[in-house]
Amino acid sequence: MAASADQPPNLFSPYQMGRFRLSHRVVLAPMTRCRALNGIPQPANVEYYVQRATQGGFLITEGTTISPTAGGFPHIPGIYTQEQIDAWKKVVDAVHAKGSIIFCQLWHVGRASHQVYQPSGSSPISSTEKPISGRWKILMPDGTYGSYPRPRRLSTEEIPEIVEHYRQAAINAIKAGFDGIEIHGAHGYLIDQFLKDGINDRNDAYGGSLSNRTRFLFEITQSVSMAIGADRVGVRISPAIDHLEAQDSNPLALGLAVIQSLNSLRQLAYLHVTQPRYTAYGQTEAGPLGSADEVSRLMKAMREAYDGTFICSGGYTRELGMEAVSSGEADLVSYGRLFISNPDLVARFKVDSDLNKYVRKTFYTHDPVVGYTDYPFMGQARSRM
């Protein structure tokens, strides 16, 4: 049920996100799925997104690479060639036909790559020369897991070229018909490698102080906003997430510094913040923050500091999402794994239906059906598992 004028909003209340009128607040989170063969979206990608599209709903695509150096997974889509643009247009047109709004998440993995994914077998680029430790493994094209190599530190003079790749990718996304783009500045990938002091060991204008470490994200966001309009640009960050060893000594200070810089740009579409996963006020996973209370304080502080639409994600259930919206913790809530296994998640949430269970082992396979488009809708019999 939608909220009335004298009731707090809930997941099914309409929301005005800048120029976009949303009919509900359940967002498809960006998730790597490895079904875009050779970097080109396929008919299966069209079906996948259409299954999850609703009238007035908001979808964010999987991470989409901005250049040939940006990848670090097999069969992830790009948005830097005409063939990729044309293929994405089929996805966008089909989603629009169902009345949904869709943003393309722009992605560069930085050091979270391998020579096998790089042009001419070169080293992946990063803010640093420090590799990701052997505690983490990278998925290789043949389905095995390998070790992350030592990256190459970007020189100061090279950084404007990477900023330009983001700008051009954003322009390409608009050419494909996307309503906007999300800059992936989270989860240990390239931008996060500049943000986090546990990784960034630079001594130039992009390292050291908070203002220097946030400079790369600011320059990208500013450039992209000037190219396609700030109200078509969202940013995702994860100051308290230590995925791929992306740790920071002061996640709250980092988050607030990012927000201060983004607020200066005025009227971005939204800020999307991932928190460490927790379940119904239980313990957080190991990371830079030690308790659910600390995570809650960080999220509230960032929510209060940001001037605009605030999206939260990270382990939310229906109940936690309803509470987040009604309490004002967030305007919108994005869902990942629950949306993988429930293409009709919005409808199921509305009636508080049982949910399909996701199958983790099929998250990153290349099958165009199994674990991708074959999860049943309400009332349909399971055909697998």
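## Ile181 and the main core

In this predicted model, Ile181 touches Phe103, Cys104, Leu106, Ala170, Ala173, Val224, Ile228, Arg232, Val233 and Gly234, leaving aside residues up to four places away in sequence, where contact means heavy atoms within 4.5 Å. Ile181, together with Ile183 and Phe216, has the most contacts inside the largest nonpolar core, which has 81 residues. Such a core is a set of buried Ala, Val, Leu, Ile, Met, Phe, Trp, Tyr and Cys residues joined through side-chain atoms within 4.5 Å, and buried means under 20% relative accessible area, with a 1.4 Å probe and protein chains only.

A second, separate core of 14 residues includes Val109, Tyr117, Tyr148 and Leu244.

## Aromatic pairs

The whole structure holds 16 aromatic pairs, that is, rings of Phe, Tyr and Trp (its six-membered ring) with centres within 6.5 Å, called stacked if the planes are under 30 degrees apart, edge-to-face if over 60 and tilted for the rest. The ring centres of Phe58 and Phe103 are 5.1 Å apart and the planes lie at 85°, so this pair is edge-to-face. Both Phe58 and Phe103 are buried.

Trp107 and Tyr189 also form an edge-to-face pair, with 5.3 Å from centre to centre and 85° between the planes, and both residues are buried. Ring pairs join Trp107 and Tyr189 with Phe73, Tyr358, Phe363 and Tyr364 in a cluster.

## How to read the values

Residues are numbered from 1 along each chain as its sequence is written, and side-chain values use heavy atoms, without hydrogens and water. Because the model is predicted, local features need pLDDT of at least 70 and side-chain atom pairs count only at pLDDT 80 or more, while totals for chains, interfaces and linings use all residues.

How values were computed:
Buried < 20%, exposed > 50% of the residue type's maximum accessible area, 1.4 Å probe, protein only.
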